[in-house]
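Here's a quick tour for anyone meeting this structure for the first time. Have a look at it, then read on.

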Amino acid sequence: MTSLPNAQRLLHAADRMSTWTGKTFAWLIVALMLVVCAEVFKRYALNAPTAWIYDANNMMYGTLFMMCGAYALCQDAHVRGDFLYGNMKPRTQATLDLVLYVVFFLPGVCALTWSGWSYFQDSLAMREQTFNATPIPLYPFKFIIPLSGAVVLLQGIAEIIRCIVCLKTGSWTPRLKDAEEMDVVEEQLAASTYVDEKAKQDAIANAHAIDESARQRGTGNVGSAS
């Protein structure tokens, strides 16, 4: 049992790294919004469109999408069809996840990382640029491919360890808590001046009950309790 706290610390360390990476690159949303607004103003108000904006937008959006993948994985936020999965016992869920990680995830992400690195090296060797009137370097963006693959791979290894721990203990280890929709709902209700105190508390309690019920279905506790 002494290895379980060590495993939990390892899992939380991986979760913290993925969370930090995801939140850092999430600021690209702000940059993307500013660039698009500036380009719209220049194009329609000043009649002075920028040739490289379209390529820059694609690079920023692609970087955001790829570098936030590990964050979504560590928060168990990827969409899955869990009609059957949600009613399984934790050990059954862990077994299924472990098989899928080993059979599909590891080969796919390793191939992405390896081929992405070769792809980046070829681009860097030729100092590849975009094809437009004002070309911009393309190889920094292609470096994101192996980088995002490596980050997702590390989080995937943590998820495999989480599955092994669940197989040993019979329950999922807690994930590193991050801001959730329920936290926002509670803050908004608490700050509202148009709802009396009793109604606030009732609404918060009902929201938490719904959230907990959904969480139990997602982790299989309902199935295991029956």
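This is a predicted model: local features need pLDDT of at least 70, side-chain atom pairs count only at pLDDT 80 or more; totals for chains, interfaces and linings use all residues.

**The big picture**

- Going along the sequence, the pattern reads α-α-α-α-α-α-α-α-α.
- The protein has 226 residues, and 33% of them count as buried.
- Take the contacts between residues at least 6 apart in sequence: 74% of those join residues at least 24 apart.

**Where helix 3 meets helix 6**

- On the helix 3 side, the contact is made by Asn 58, Met 59, Gly 62, Thr 63, Met 66 and Met 67.
- Helix 6 brings Phe 141, Ile 144, Ile 145, Leu 147, Ser 148 and Val 151 to that contact.
- Sort the residues of this contact by type and you get eight nonpolar, four polar and no charged.

**A closer look at Thr 63**

- Thr 63 belongs to helix 3.
- Its relative accessible area is 9%, so Thr 63 counts as buried, the cut-off being under 20%.
- Leaving aside residues up to four places away in sequence, Thr 63 touches Phe 25, Leu 28, Phe 141 and Ile 144.
- Two of those names, Phe 141 and Ile 144, turned up above on the helix 6 side of the contact.

- Helix 5 runs through residues 90–125, which makes 36 residues.
- From its first C-alpha to its last, helix 5 reaches 49 Å, close to the 52 Å expected at 1.5 Å a residue.
- Helix 5 does bend, though: look for about 40 degrees at Tyr 101.
- Tyr 101 is buried, and other buried residues of helix 5 include Pro 90, Asp 97, Phe 105, Val 109, Gly 116 and Ser 123.

- You'll find Leu 73 in helix 4, which spans residues 69–74.
- Leu 73 is buried, with a relative accessible area of 11%.
- Not counting residues up to four places away in sequence, Leu 73 touches His 78, Tyr 101, Phe 105, Val 152, Gln 155, Gly 156, Glu 159 and Arg 175.
- Among those partners is Tyr 101, where helix 5 bends.
- Leu 73 and Ser 18 are 55 residues apart along the chain, yet 8.5 Å separates their C-alpha atoms.

**Two loop residues with positive phi**

- Asn 47 isn't a glycine, but it has a positive phi of about 55 degrees.
- Asn 47 is in the loop between helix 2 (28–44) and helix 3.
- With 66% relative accessibility, Asn 47 counts as exposed, since the cut-off for that is over 50%.
- Is Arg 127 buried or exposed? It's exposed, with a relative accessible area of 51%.

Terms used
Residues are numbered from 1 along each chain as its sequence is written. Side-chain values use heavy atoms; hydrogens and water are left out. Helices (H or I, at least four residues) and strands (E, at least two) are DSSP runs, numbered from the N terminus. The expected span of a helix is 1.5 Å times one less than its number of residues. The bend at a residue is the angle between axes fitted to the seven residues ending there and the seven starting there. Buried means under 20% relative accessible area, exposed over 50%, partly exposed in between (1.4 Å probe, protein chains only). Contact means heavy atoms within 4.5 Å. Ala, Val, Leu, Ile, Met, Phe, Trp, Tyr, Cys and Pro count as nonpolar, Asp, Glu, Lys and Arg as charged, and the others, Gly among them, as polar.
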